[in-house]
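Visitor: Could we go through this one together, a piece at a time?
Guide: Gladly; here it is.

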Amino acid sequence: MSAGVLLHEVSKSFGAARTPALTGVTLAVADGSCTAILGPSGSGKSTILRVIAGLDEVSGGTVHVDGVDVAGVPSEQRGIGLVFQRPLLFPHLSVLDNVAFSHRVGGASRAGSRRHAQHYLDLVQLGGFGGRPIQALSGGQEQRVAIARALAAAPRVLLLDEPFSALDPALREDMHLLLDDVRSALSPTIILVTHDREEAAAVADRIAVIHNGALLQHDTVDRIYHRPASTRVSRLMGGLNEIPGHVHGAMHVSPLGQVPVSPGTPEGPGILVIRHEAIEVSRCTDNEPSASGVVGHVSRVRQFGPRRMVTVTFGDGSELFAALPPGDGMYDGCRVVLTLPTEAVSVVPR
Ligand SMILES: Nc1ncnc2c1ncn2[C@@H]1O[C@H](COP(=O)(O)OP(=O)(O)OP(=O)(O)O)[C@@H](O)[C@H]1O
């Protein structure tokens, strides 16, 4: 049985530290959902997990699990499972007995707790590994065992603190699929700390962006990418395009021209942010201004992993970055028209 988690105005200061680790964090994670906490190093991500788990007490505010204020409730009675970057398995126990541990400590017989553990080992696709010593596992297998061990304790909330960051990219993808399987089978509430926005988008329903101990935005993956609340969120999500201007009548007006924005966008000064992946780039075949987009010159083409990115420069010197369609290599110096889909364009305060 899973449970929702609610942090209300949570702050946390450590000893004499000048700046608090958390300030006024209000975050609601619905029962059975998965939120990824994303932010730069030192922004307070792990501290959020630690106050939920009861490993650190809050300095102010409240934490509710399943509607109950958990102030003063010892960590082991909060119904929370924790998995860290390092699996921290018991080296003297077999794989099966690591997973059986919580049940055994809870009073189950050795045979009963091992039967129970086998179910979770099967779930993480290590059904045949129960008899192995921990030392005979790869890093990815150890992390699977750590997840099985946490799940075997039937937590209402599963907290994952950068659990996959030490794994190579292929193994990480396997672990993302595993989390999907775990969610389908058990529907636990999951809060995952990561500094990898692609991982956050791959596994979570919602992303909570944190910076300097403050929660900047908690929203669906799509909205965090396409409707960031500020330039800071946009940049943390890898956004590259920011054009200052002002909004008038559902149009953002800037040296780029008039760009349609969502109806209801507040009027006045605002910065247009546009996801570079969503911009359509096409060659401009005549010298006329385009009715459907903005026209500029490609000033740079760069390879960015599997895709190429162009820098497009406009008459006033402003620039936009856009991903090129695959295949066509002849863009250097070209005059191009950029189509900016309304779904990928938003305006944030200046
Ligand atoms: N036990 C502690 N004592 C003193 N300061 C602490 C303690 N734990 C965390 N901090 C401080 O609180 C701030 C937030 O730390 P936290 O570990 O939550 O950040 P993080 O976002 O998880 O970072 P990272 O991505 O590097 O793991 C940091 O400035 C850190 O130095």
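**Domains and ligand**

Guide: The protein divides into domain 1 (3-226) and domain 2 (239-349), with bounds that come from an automatic or database domain assignment. This is a predicted model, in which local features need pLDDT of at least 70 and side-chain atom pairs count only at pLDDT 80 or more, while totals for chains, interfaces and linings use all residues. Residues are numbered from 1 along each chain as its sequence is written, and side-chain values use heavy atoms, with hydrogens and water left out.

Visitor: How far apart do the C-alpha centres of domain 1 and domain 2 lie?
Guide: Those two centres are 39 Å apart.

Visitor: And which residues are around the ligand?
Guide: Counting residues with a heavy atom within 4 Å of the ligand, they include Phe14, Ala21, Lys45 and Glu162, along with Ser41, Gly42 and Thr47.

Visitor: What lies 2.5 Å from an oxygen atom of the ligand?
Guide: That is a polar side-chain atom of threonine 47, and a polar contact here is a pair of N or O atoms within 3.5 Å. Serine 41 has a side-chain N or O atom 2.6 Å from a ligand oxygen, whereas glycine 42 uses a backbone N or O atom, at 2.8 Å.

Visitor: Switching topic, how many aromatic pairs are there?
Guide: The structure holds one, formed by phenylalanine 90 and phenylalanine 101, with 4.5 Å centre to centre and 50° between the planes, which is tilted. Rings of Phe, Tyr and Trp (its six-membered ring) pair if their centres lie within 6.5 Å, and planes under 30 degrees apart count as stacked, over 60 as edge-to-face and the rest as tilted.

Notes
Polar contact = N/O pair within 3.5 Å; in protein donor to acceptor, adjacent residues only side chain to side chain.
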